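Please look at the sequence and the model first.

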Amino acid sequence: MMERTDRHFRVMMRQLTRHTLLYTEMVTATALHHGDRSKHLDFDEIEHPIALQVGGDDPQLMADAARMAEDWGYDEVDVNIGCPSDRVQKGRFGACLMRWPEDVARVVEAMRAATSLPVTVKHRIGVDELDAYEDMARFVRIVSESGADRFTVHARKAWLKGLSPKENRNVPPLRYPEVWRLQQEFPGLDVVINGGIKTLDQVEEHLEHVRGVMIGRGAWDTPWVFADADRRLFGAENPLDEPAQAVRGLLPYLERWMATDPGFKPHRVTRHWLNLFAGRPGTRRFKQILSQRSRVGVDPASLVEEALAGVEQVRAA
Ligand SMILES: Cc1cc2nc3c(=O)[nH]c(=O)nc-3n(C[C@H](O)[C@H](O)[C@H](O)COP(=O)(O)O)c2cc1C
């Protein structure tokens with residue numbers, strides 16, 4: 001998610017779950033071609049397994065992006081065919097490409113030829129008037145023939161004109177049964193469902209119908225939900241018992257970043273921790289202290305201890 005799942009967020013999530021697949025923000029193939037690759041691509045070893053999500057419609061540039069994903073050590077590369085923003089439409093990629101499955105197939109084919117990493121596609125149920133189940137199934141059939149390994153479906157259509165990106169994440173109704181049907185009719189593909197899913201109970205319900213579940217906003221709003229994912233979904237031990245352990249565990253990470261650059265703003269890292277106590281006593285106090293103190297020149301250890309003491313005070317009251 002843009003402005004959300006940067007490397008600092010992903011490192012925070014890795015304190016809570018070792019096995020869940022994490023995704024980068026979308027980066028355009030053009031930005032990778034012309035821009036600062038390290039800034040876009042660098043990540044911490046702890047973030048594995050990790051997928052790079054790219055956007056674009058030029059097979060050559062997208063193939064280069066896939067090659068870079070492999071060179072940088074990513075585990076997968078994902079193509080964004082779900083974003084409805086104007087900026088993205090002007091570049092003729094994102095959700096509008098659902099209209100041209102053959103073009104998406106050419107992109108995926110070029111990427112497959114350029115990398116041995118799995119190439120996956122994230123898309124919508126449909127766009128504008130092209131929103132029948134059969135339209136989506138045709139899209140998936142054509143793109144899968146070019147070798148896409150997995151399809152993640154945001155289970156609502158997008159209106160390319162008239163709705164903002166935010167409205168396009170909320171207004172069109174969720175249509176889960178059509179995504180379940182897609183998995184049924186394409187048993188050779190891995191179908192992952194996305195949209196409006198917040199809890200592990202809901203995840204388990206969907207796993208009765210599809211091979212995977214992607215959580216977007218829930219990961220930001222209530223990250224601690226993921227702290228039980230390793231046990232419930234992957235048959236492994238959970239890394240932590242309490243959010244405070246995550247905060248303390250992240251302290252050396254914050255210190256490392258602050259040591260690299262005297263001008264580094266702790267807020268860049270700590271803004272991702274703000275919701276760690278969401279739904280628990282002390283969450284407001286934690287957020288307050290962390291966001292206020294992150295903006296002034298306090299040392300990382302005191303910042304963390306003050307914020308956690310704030311939570312304790314509320315809990316004890
Ligand atoms: C702030 C924000 C940024 C997003 N950026 C991306 C993105 O870069 N790539 C993408 O595939 N989806 C992006 N999305 C969409 C989410 O991945 C997801 O498909 C959508 O929010 C529905 O799922 P959810 O209800 O679990 O959030 C973004 C969503 C939000 C709220």
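## Basis of the model

This is a predicted model, in which local features need pLDDT of at least 70 and side-chain atom pairs count only at pLDDT 80 or more, while totals for chains, interfaces and linings use all residues. Residues are numbered from 1 along each chain as its sequence is written, and side-chain values use heavy atoms, with hydrogens and water left out.

Helices (H or I, at least four residues) and strands (E, at least two) are DSSP runs, numbered from the N terminus.

## Helices α15 and α16

Two packed helices are described by the angle between their axes and the distance between the axes. Axes are lines fitted to C-alpha atoms, for helices over the stretch in contact, and angles run from 0 to 180 degrees between N-to-C directions. Helix α15 spans residues 283-294 and helix α16 residues 300-316; their axes come within 8 Å and cross at roughly 160°. That makes α15 roughly antiparallel to α16. Angles under 35 degrees count as roughly parallel, over 145 as roughly antiparallel, 65 to 115 as roughly perpendicular and the rest as oblique.

The crossing of α15 and α16 is right-handed; a crossing is left-handed if the near helix is turned anticlockwise from the far one by less than a right angle, and right-handed if clockwise. Residues in contact (heavy atoms within 4.5 Å) include Phe286, Ile289 and Leu290 in α15 and Leu303, Leu308 and Val311 in α16. By class, the contact of α15 with α16 has eight nonpolar, two polar and three charged residues. Here Ala, Val, Leu, Ile, Met, Phe, Trp, Tyr, Cys and Pro count as nonpolar, Asp, Glu, Lys and Arg as charged, and the others, Gly among them, as polar.

## Helices α1 and α13

Helix α1 (residues 7-16) packs against helix α13 (residues 243-260) at an angle of about 150°, with the axes 9 Å apart. α1 and α13 are therefore roughly antiparallel to each other. The contact is made by Arg7, His8, Val11, Met12, Gln15 and Leu16 of α1, together with Ala246, Gly249, Leu250, Tyr253 and Trp257 of α13. Seven of these residues are nonpolar, three polar and one charged.

## Helices α6 and α7

The axes of α6 (residues 101-114) and α7 (residues 133-144) come within 8 Å and cross at roughly 30°. α6 and α7 are therefore roughly parallel to each other. Pro101, Glu102, Val104, Ala105 and Val108 of α6 meet Arg138, Phe139, Ile142 and Val143 of α7. This contact has seven nonpolar, no polar and two charged residues.

## The ligand

There are 15 residues around the ligand, and Gln53, Asn194, Gly196, Gly216 and Arg217 come nearest. A residue is near a molecule if one of its heavy atoms lies within 4 Å of it.

An oxygen atom of the ligand is 2.8 Å from an N or O atom in the side chain of Lys122. A ligand oxygen atom is also 2.8 Å from a polar backbone atom of Gly216, and one is 2.7 Å from a polar backbone atom of Arg217.

## Backbone features

Most residues other than glycine have a negative phi, and most peptide bonds are trans. A cis peptide bond joins His48 and Pro49, with omega about -5°. Pro49 lies in the loop between α3 (37-41) and β2 (50-55). Glu3, in the segment before α1, has a positive phi, near 65°.

Terms used
A polar contact is a pair of N or O atoms within 3.5 Å; within protein, one must be able to donate a hydrogen and the other to accept it, and residues adjacent in sequence count only if both atoms are side-chain atoms.
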